[in-house]
Amino acid sequence: MIATLKAEEASQLQLVEREDIDDEEDLFESIDKLISAGINAGDVKKLQDAGIYTCNGLMMHTKKNLTGIKGLSEAKVDKIREAAEKIVNFGYITGSDALLRRKSVIRITTGSQSLDELLGGGIETSAITEAFGEFRSGKTQLAHTLCVSTQLPTNMRGGNGKVAYIDTEGTFRPDRIIPIAERFGMDPAAVLDNIVYARAYTYEHQYNLLLGLAAKMSGEQFRLLIVDSVIALFRVDFTGRGELAERQQKLAQMLSRLTKIAEEFNVAVYMTNQVIADPGGGVFISDPKKPAGGHVLAHAATIRLMFRKGKGEQRVCKVFDAPNLPEAEHVFQITPGGIADAKD
């Protein structure tokens, strides 16, 4: 019976994948289309070498960035941008068109129905969701659960796509994926094969890994990018107040890259963040802590979630900031099969 169910789910996954291919092509235009618009194939290759694989991604770069690519003069860049503008519309659209575009947004289940309700259906694609809290508050556990739930078909509240995982703290555990995959009735080996993983050791390495993702995402269907954690390497590589301005500038560049990836490829970006003590929190606040990264990180995240410990394996998630969600909180539980609803 279970084998039959898994076979049905597998065929269902493939069926949804074929249906989604046409929709995906509407989301971004391949950089190769510039060749038919009169751009030299060698210049297109230079753009790809710089990590630009779509016309949408090209329009997200400044002229200064593009002329910094070896072999591209200002005249060439102007011609390339002019050709790209004819392929993709980066101008004004009506509110109705914006609403239609929002329909391409997929909400990926967290594994907990109450947490999904809190988030308006799950973790959103084309957006950055930040989870901050102390250690053992459930941030990385949610990341592992999303590695599996993202691969579910869309009619099962999944994302029907692959997962990219950038690990800055060495907390990814592939063996943790196995019981979560079994809980969702999926083949653990196939689930693990659909996760591309990289361990980052410096903030520069972390940024370069993001640049390399464009090639993968333009060729395969990804639905989730996890960065766990986003701030750790910046706190190590930059020390003291003297380097704070440079740190925040480099952090802003990396967050800008994450935003572009989310919108260019319609993927959900889930990043975890650390907390720091807030001496100015006041005596009336029982737990004076705030997320690291300052205003730069606060403005980059679309949805900010605050995690804290509850009783036993229970954890509490609160919507700290979101453009379309009310401030509320829900309790969830960490189980061997990942994130689930809390048991009374």
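This is a predicted model: local features need pLDDT of at least 70, side-chain atom pairs count only at pLDDT 80 or more; totals for chains, interfaces and linings use all residues.
Reader: Which residues in H9 are buried?
Author: Lys 139, Thr 140, Leu 142, Ala 143, His 144, Thr 145, Leu 146, Cys 147, Val 148 and Ser 149. Buried here means under 20% relative accessible area.

Reader: Moving to strand S3, how many of its residues are buried?
Author: Seven of the seven, residues 127–133, so S3 is largely enclosed by the rest of the structure.

Reader: Which residues sit on which side of S3?
Author: Ala 127, Thr 129, Ala 131 and Gly 133 are on one side, and Ile 128, Glu 130 and Phe 132 are on the other. Both faces are covered. In a regular strand the side chains alternate between the two faces of the sheet.

Reader: What joins S3 to strand S7?
Author: Six bridges, with the two strands running parallel. S7 covers residues 268–273. Within S7, Tyr 270 is the bridge partner of Thr 129.

Reader: And how many bridges between S3 and S10?
Author: Five, again in the parallel sense, with S10 at residues 303–309. Gly 133 has Phe 307 of S10 as its bridge partner.

Reader: Whole chain now. How many helices and strands?
Author: The chain has 15 helices and 13 strands. Of its 344 residues, 46% are buried.

Reader: What about the accessible surface?
Author: About 17000 Å² for the chain, and carbon and sulfur atoms account for 53% of that.

Methods: Residues are numbered from 1 along each chain as its sequence is written. Side-chain values use heavy atoms; hydrogens and water are left out. Helices (H or I, at least four residues) and strands (E, at least two) are DSSP runs, numbered from the N terminus. Buried means under 20% relative accessible area, exposed over 50%, partly exposed in between (1.4 Å probe, protein chains only). Accessible areas come from the Shrake-Rupley method with a 1.4 Å probe; for residues, only the protein chains shown count as cover. Two strands pair if DSSP finds at least two bridges between them.
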